[in-house]
Amino acid sequence: MSLQVHAEGTLEKIKRTNTFVIAYLNGTMPFAFLNDDKQVTGYTIDLCRKIAEGIRRDFKLPQLQVQFMEVDTVTRFIALDQNKADLECSTSTNNAERRKIATFTVPHFFASVRMLVKAGSGIRNWEDLRGKTIVVPRNTPMVKQIDERSNIRSLGIKIVEVAYNEEAFSSLEKGLADAFVMEDVLLRRYLLSVPHPERYAVVGDSLSLEPYGIMMHKGDPEFKRYVDLQMVKIIRSGDIFKIYDRWFTKPISDTIPAMGMPMGYLLRDTLRYPTDKVADD
């Protein structure tokens, strides 16, 4: 006698539990963060709330509860793999290495990897990091990219990995690191909230282009098809443009000014023909 083990799909679990769980990297303003009322909010969070609304409507789940799970750069993958979270909604880059363990929907942002330094440090580009210390978030593509550049050009860069963006910025602020390497949009958000933004500068040629995508558990094609369909609906309805403008062209809060970043041509052109395929396919 052979026993067939039935693996419960994500949509089945959501309907059974009447719960939709969104994982997020806190501190990735304006994508995902806690506001002054300690509520999870942001650009990617709003997109994932739209997907939750679709599930509530399409599967007739009026009492569907949306829950949030804070993760870090490592536990976000674990949360999806163990089915503790249904979506990861913040700033996860869709690349070939990560697609081995997770799946992504249509990109909702493209960022360039650069570095945040103290003004007057003399650091203007990557060659200026010779013999210096940089700090990066753990388990991010930048580690490999910087290590390769350092080796090729014999720069001798010391790379320190930390779990949270705030910890990385604190290392730069306290002089424990010479540069904080991250996507430029996340670096710029620090300049909106620090008391003396003129003391810092975002510098360096773009190290790479990072397509951000909402991340899902690998091995559930039915759920991925559903999420892809919802993203296309969000795009075709024009809602994504309204949500983008809310977070990138208007003040983020009463105390945090606008990012001043209208949607770029690359993202706008990509949204004309939505696809989960990215350049490294």
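Helices are DSSP runs of H or I with at least four residues, numbered from the N terminus. In this predicted model, helix H2 covers residues 43-58, and Lys60, which follows H2, has a positive phi, near 50°. The length of H2 agrees with expectation, because its 16 residues should span 22 Å at 1.5 Å a residue and its end C-alpha atoms are 23 Å apart. An α-helix has 3.6 residues a turn, so residues three or four places apart point the same way. The buried residues of H2 are Tyr43, Thr44, Ile45, Leu47, Cys48, Ile51, Ala52, Gly54 and Ile55.

The largest nonpolar core contains 79 residues. Within this core, Phe20, Tyr43, Leu87, Phe180, Val185 and Phe248 have the most contacts. Helix H2 gives the most to the core, contributing seven residues.

The surroundings of Val185 were examined with its neighbours within four places in sequence left aside. On that basis Val185 is in contact with Phe31, Phe109, Ala111, Tyr212, Phe248, Met259 and Met261. Of these partners, Phe248 is also listed with Val185 among the core residues that have the most contacts.

Empty space was examined next. Rolling a probe the size of a water molecule over the atoms shows where such space is left. One cavity of 30 Å³ or more was counted. The largest cavity holds about 140 Å³ of space and is lined by 19 residues, of which Leu25, Thr73, Thr91, Asn165 and Met182 are the closest to its centre. At least two lining residues come from each of helix H5 (165-173) and strand S10 (179-183). Sorted by class, the lining of this cavity has eight nonpolar, seven polar and four charged residues.

The second largest pocket has a volume of about 200 Å³. Its lining consists of 13 residues, and Phe109, Phe110, Tyr244, Met261 and Gly264 lie nearest its centre. Phe109 and Met261 are also in contact with Val185. Strand S7 (109-118) and helix H9 (265-272) each supply at least two residues of this lining, with S7 giving the most, four residues. By class, ten residues of the pocket lining are nonpolar, two are polar and one is charged.

Notes
Residues are numbered from 1 along each chain as its sequence is written. This is a predicted model: local features need pLDDT of at least 70, side-chain atom pairs count only at pLDDT 80 or more; totals for chains, interfaces and linings use all residues. Side-chain values use heavy atoms; hydrogens and water are left out. A nonpolar core is a set of buried Ala, Val, Leu, Ile, Met, Phe, Trp, Tyr and Cys residues joined through side-chain atoms within 4.5 Å. Buried means under 20% relative accessible area, exposed over 50%, partly exposed in between (1.4 Å probe, protein chains only). Contact means heavy atoms within 4.5 Å. On a 1 Å grid over the protein atoms alone, a cavity is a set of points where a 1.4 Å probe fits but cannot get out, and a pocket is an open set with protein on both sides within 12 Å along at least five of seven lines; lining residues have an atom within 4 Å of a point. Grid points are joined across faces, edges and corners, and a volume is the space filled by probe spheres set on the points. Ala, Val, Leu, Ile, Met, Phe, Trp, Tyr, Cys and Pro count as nonpolar, Asp, Glu, Lys and Arg as charged, and the others, Gly among them, as polar. The expected span of a helix is 1.5 Å times one less than its number of residues.
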